[in-house]
Every structure is written in C-alpha cells, then in structure tokens.
Amino acid sequence: MTFALKQFNPSATGPLDGIRVLDLSRLMAGNMLSLQLADFGADVIKIEPPEGDPLRDWKDDGHSLFWKTYGRNKRSVMLNLRDAAAMDALWRLVETADVFIENFRPGTLEKMGLAPDKLLARNPDLIVVRISGFGQTGPYAHLPGFGTIVEAMSGFADRTGFSDREPVLPPLALADMIAGVYGASATMMALYARQAGTTRGQVIDLSLLEPMFSVLGPEAAIHAVTGKIKQRVGSASNTASPRNVYKCADGKYLALSGSTPAVAKRIFEIIGRPEMMSDPRFATNSDRVKNRALVDAAIGDWFATRASADALETMRQAGATVGPVYNIADAMSDAHFAEREIVVDVEDEGFGTLPMHNIVPRMSATPGVWRRPAPALGEHNNELLSENPATLESGKE
C-alpha cells in the first residue's frame, strides 16, 4: 500500500505559531500532550538530561520508532539540571515560554527550585502543566504513577477481558494517551483564558488517574443507584445487545453492534431470525442484554457458516453496523487508511520514509504542519542557548 508522502518544511506555520512550550516530561503522557501542540505549530522544546528522554530507548529491533513518532515537530535541548549554569539557561528559556510541562513525582519540581510559584513569579503568563499518576494532592500523590497502575486502579482493567479469567491491562500506553489529549485540551483552554484576559498564567494539575476514570462514564452513578458492579463480558457489552466479535468460517473475526432497535431488527432479519424482535426475551435492548448469551449464540451460528468477506458484505449491504477485526498489517493494507491519509509516509533520514499516524484532528482552515523530524539529543542547543552550550550539556565548569 502506498501512502501520501509528508515532507518537512521548517518554515511552515500552524495555528499555534508563536506559542513556545518547554517540555521537561519523560515517556508518554507529556510527549503525547506536547505532540498535539507541536503538530499544530507550537515551538516545543524538549529539555532532556544527558541520557535523554527514556522514550528514546523504547526500541523495536534496535530502532527508536516511538521517539521518531512522538518526537516529531519538536526541538531538543540537553541540559544537566544539576549544574547551576544549566539551571540558569533553563530559567532564561522559562522567561520566553508560554507553557511548561513536567511529570516528575510530586514534590520533585519544588526540590529542584522550580516550584510553580517561582516559575510564575519569573513569568506570570506561564501555563504550568504538572503530570503525575495520582495528582499533586491526596493520599496517593507521593506514589509513582505509571499508566499500568492507573489502568488497574481506575477500574478500567476490571472491566476488560472475560469473567472467568484475569482482568486485562491494555497492551499499550492507554492511560498516558488519554491524559495527553486531556492535557492538550486543558492547555488550550488556559491559553484562551489568558488571551481573553480572564487570567494570566496558571497551574494545570493533570493526573493519569482522573482521565482514565472518566472513560468509565456513568459507572459510579450506576453503582450508587443499583448497588451493582458490572462484570467483565469479553467483547460483549453490559449495556447493549447484540454487540460482540464473531468468528467466521475462515477463522477471521468480525465486530458487530446493534445498539439501536432498528439495527438490531436488521441483524435478526439478516440471520433469518426476524421473530426474535417479537420474542419477549429479545424485544427491547434491556431484554437482549439479559439474554445476551442466546443472542450471541444465534448470531454466532450465522457467522460460523460464512467466510468473513461474504458475511461482511451481506451485513453491510443490509445496513448492519459491522467491521473486521484488524491487526496493524490489515489496517495498513486498507485503502481507506491510505485515501483518508490516516497513515502517511513521512520522510526519514535513516529509512527514506517511515509510516506513522497523520496529524489529528484535521482542520479545514488551520491544519497541522510537518516542520521537522524527531530531533537528535541536544540538537538545538546552539540555536536556543546563548552561553557556552557545551558546558551546559556536560554539567562541567
């Protein structure tokens, strides 16, 4: 599959042109947050220690592909912040910045002499984003908070998987990704409030736990009202039926959802069971949820006798909501992913081009921009630091 080619243009400008972001964070949540801002034109400067952001060491077959993806459109300054000269250089950058991102364990920033009140005293217009596992306050504030722990403690893992097996953690940095998007939204709200004159700078206390907990939606209310704890149901749903993944005759899986009465009726007609809609066990969504096993058995029997391509075509032609369960190779060979430019080929010095996700969301008048590839560690010291960059990198006098 051939994807649209994206080439870097350092002079391109996006809607956040003129916004400078200092990103002292490590790994995923902060990098996701600053990527959203960088993709739309903000000048994101990664402040990295001599060993670099640990994300650089998340490698596949020796290649830093995480860094190439999440480091795009950013610049890198290497500073040993244990050295006074490096701290002086950071303070000079703080004076020029609009946003300051960090994800140290709560209290660490204060020990470094970079407490928010000091940052705001030096730059009253600064937006300080503090990312942590559990927030800056509360009984768990002092605990290290990797996304894995948050995905467990939020209640998310307990809802994922099958009832007769262990809870399932997501196989990727889901809590970090969600927090990063929340953080980018909060940063933009703070910048808008500053521009509107509502306030000047402020502190954003962004935990990984709270955005992840929000994904559970009304479950707190449901538990309070009903006293019930929803159980794991695999790929089915506690709130809608039919909804599941079904295995076809060729061993491939299709995902199907009949969350509305009209679509459920259509599905039952397709599988040759129209009478199910008038059966009291299946007449309403609540009835179907109570009798989910019978619904899934009827639909599963239909899929089991058909090849996935034929079943998909039949369901789609009849207006049912159904889709294939893709792996990454399937997605990258799908024409929709190419034509919509969901995946794009990005120029890369080592590989020639490298596929990665496009800038999202897409905006008609002020789209995101491709300005620079992920930087080498300390690549922009000479551009951004005015006093003896080599000394600042090494921490030596």
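Which residues is L27 in contact with, leaving aside its neighbours within four places in sequence? They are D53, P54, L55 and W58. This is a predicted model. The chain has 397 residues, and 47% of them are buried. It holds 17 helices and 12 strands. The points below start with the whole chain, then turn to single residues and strands.

**The whole chain**

- The C-alpha atoms fill a box of roughly 80 × 50 × 40 Å, taken along the principal axes.
- The chain exposes about 19800 Å². Carbon and sulfur atoms supply 55% of that area.
- Take the contacts with a separation of 6 or more: 69% of them come from residues 24 or more positions apart.
- The chain carries 41 positive and 48 negative charges.

**L27, in a loop**

- L27 sits in the loop between β2 (20-23) and α1 (28-39).
- L27 has a relative accessible area of 21%, so it counts as partly exposed. The cut-off for buried is under 20%.
- Phi of L27 is positive, about 65°, although L27 is not a glycine. Most residues other than glycine have a negative phi.
- R306 is 279 residues away from L27 along the chain, and their C-alpha atoms are separated by 44 Å.

- R72 is found in the loop between α2 (65-70) and β4 (74-78). N73 has its place in that loop too.
- R72 counts as buried because its relative accessible area is 1%. N73 is buried as well, at 0% relative accessibility.
- The side chain of R72 makes a polar contact with the side chain of D39, at 2.8 Å.
- Beyond its neighbours within four places in sequence, R72 is in contact with residues including L35, A38, D39 and W67. Its list also includes M356, H357, N358 and I359, and W370, R372, P373 and A374.
- N73 is not a glycine, yet its phi is positive, near 65°.

- β4 is mostly covered: five of its five residues are buried.
- K74, S76 and M78 point one way from β4. R75 and V77 point the other way. Both groups are buried.
- Strand β3 (residues 43-48) is joined to β4 by five bridges, and the two run parallel.
- Which residue stands opposite R75 in β4? It is I45.
- Strands of a sheet pair through backbone hydrogen bonds, either parallel or antiparallel.

**A three-strand sheet**

- Three strands form an open sheet in the order β1-β11-β12, and the pairing is mixed.
- β1 (5-6) and β12 (352-357) are the edge strands, so each pairs on one side only.
- Two bridges join β1 to strand β11 (residues 343-348), and these strands run parallel.
- L5 has D345 in β11 as its bridge partner.

**I270, in a helix**

- I270 lies in helix α10 (residues 261-270).
- Is I270 buried or exposed? It counts as buried, because its relative accessibility is 17% and the cut-off is under 20%.
- Leaving aside its neighbours within four places in sequence, I270 is in contact with W302, T314, M315, A318 and A320.
- G319 is 49 residues from I270 along the chain, and their C-alpha atoms are separated by 9.8 Å.

**Two cis peptide bonds**

- Most peptide bonds are trans.
- The bond from S241 to P242 is cis, with omega near 5°. P242 lies in the loop between α9 (219-226) and β8 (243-247).
- The bond joining V360 and P361 is cis too, with omega about -5°. P361 lies in the loop between β12 and α16 (381-384).

Definitions and conventions: Residues numbered from 1 in each chain as written. Predicted model: local features only at pLDDT ≥ 70, side-chain atom pairs only at ≥ 80, totals over all residues. Heavy atoms only, no water. Helix = DSSP H or I, 4+ residues; strand = E, 2+ residues; numbered from the N terminus. Buried < 20%, exposed > 50% of the residue type's maximum accessible area, 1.4 Å probe, protein only. Contact = heavy atoms within 4.5 Å. Areas by Shrake-Rupley, 256 points an atom, 1.4 Å probe, with all protein chains shown as cover. Lys, Arg positive; Asp, Glu negative; His and termini not counted. Charge placed at Lys NZ, Arg CZ, Asp CG, Glu CD. Polar contact = N/O pair within 3.5 Å; in protein donor to acceptor, adjacent residues only side chain to side chain.
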